[in-house]
Amino acid sequence: MKNTTKILISVILFMFAGMVMSAADLKVHFYKPSTYTNAYIYYWNTSPAVAAVTWPGKAMTAETNGWYTYTITGAASASIIFNNKGTPQTADLTRNKEGWYMNGVWYDKNPDVVTPFKVHFKQPTNYTYILSI
């Protein structure tokens with residue numbers, strides 16, 4: 001009984017420590033407008049709290065097709081401003097999960113990626129027309 005209790009307590013402590021010590025990283029993507037020459041991210045009000053950055057923030061990493069990305073290590077949510085190394089800039093934004101920001105709108109998935117779809121049609125027996133798509 002004593003060994004079982006010790007094992008159970010050890011498992012509970014291990015699980016609790018994992019929940020307290022692990023923090024998600026917040027990854028955001030920004031579609032750089034054609035009027036910008038730079039893509040910077042300024043963030044504050046992070047949860048959990050991470051080291052602050054000074055204005056205009058950190059340079060973002062280029063992806064493809066005009067997208068830039070940055071990961072705020074250790075933060076699950078943050079207040080964010082995307083900017084052109086100072087000005088112009090977006091309004092104050094907030095995010096608590098990975099997201100793509102384009103033309104003033106947050107998306108949960110990359111809006112440039114088109115999801116293919118299938119169309120199924122069962123032709124009725126009395127249908128005389130030929131269907132072509």
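Predicted model: local features only at pLDDT ≥ 70, side-chain atom pairs only at ≥ 80, totals over all residues.
Residues are numbered from 1 along each chain as its sequence is written, and side-chain values use heavy atoms, with hydrogens and water left out.

Now for the overall layout. The protein chain has 1 helix and 9 strands (both are DSSP runs numbered from the N terminus, helices being H or I with at least four residues and strands being E with at least two). Read from the N terminus, the elements go α-β-β-β-β-β-β-β-β-β. Of the chain's 133 residues, 27% count as buried. Take the contacts between residues at least 6 apart in sequence: 60% of them join residues at least 24 apart (contact means heavy atoms within 4.5 Å). The chain exposes about 9900 Å², and carbon and sulfur atoms supply 59% of that area (accessible areas come from the Shrake-Rupley method with a 1.4 Å probe, and for residues only the protein chains shown count as cover).

Five strands make an open sheet in the order 4-5-1-8-9, with mixed pairing (two strands pair if DSSP finds at least two bridges between them). At the edges sit strand 4 (61-62) and strand 9 (105-107), each pairing on one side only. In general, strands of a sheet pair through backbone hydrogen bonds, either parallel or antiparallel. Strand 1 and strand 5 run antiparallel and are joined by 6 bridges, while strand 1 and strand 8 run parallel, with 3 bridges between them. Strand 8 (residues 99-102) also pairs with strand 9, in the antiparallel sense over 3 bridges. There, M102 stands opposite V105 of strand 9.

F30 counts as buried, since its relative accessibility is 2%.

The aromatic rings deserve a look of their own. The count comes to 10 aromatic pairs (rings of Phe, Tyr and Trp, the last by its six-membered ring, pair if their centres lie within 6.5 Å; planes under 30 degrees apart count as stacked, over 60 as edge-to-face and the rest as tilted). In one of these pairs, F30 and Y36 have ring centres 5.8 Å apart and planes at 50°, so the pair is tilted. Y36 counts as buried because its relative accessibility is 7%. Y31 and W67 make another pair: their ring centres are 5.3 Å apart and their planes lie at 70°, so this pair is edge-to-face. This pair links distant parts of the chain, with Y31 in strand 1 (residues 26-31) and W67 in strand 5 (residues 67-72), 36 residues apart.

Leaving aside neighbours within four places in sequence, H29 touches several residues, including W67, Y68, F82, Y101 and W106.

Finally, a few backbone details stand out. Most residues other than glycine have a negative phi, and most peptide bonds are trans. A cis peptide bond joins S47 and P48, with omega about -10°, and P48 is in the loop between strand 2 (40-47) and strand 3 (58-59). The bond from T87 to P88 is cis too, with omega near 0°; P88 is in the loop between strand 6 (77-83) and strand 7 (93-95). That loop also contains K85, whose phi is near 55°, a positive value in a residue other than glycine. N65 is not a glycine either, yet has a positive phi of about 55°. N65 lies in the loop between strand 4 and strand 5 and counts as exposed, because its relative accessibility is 62%.

How values were computed
Buried < 20%, exposed > 50% of the residue type's maximum accessible area, 1.4 Å probe, protein only.
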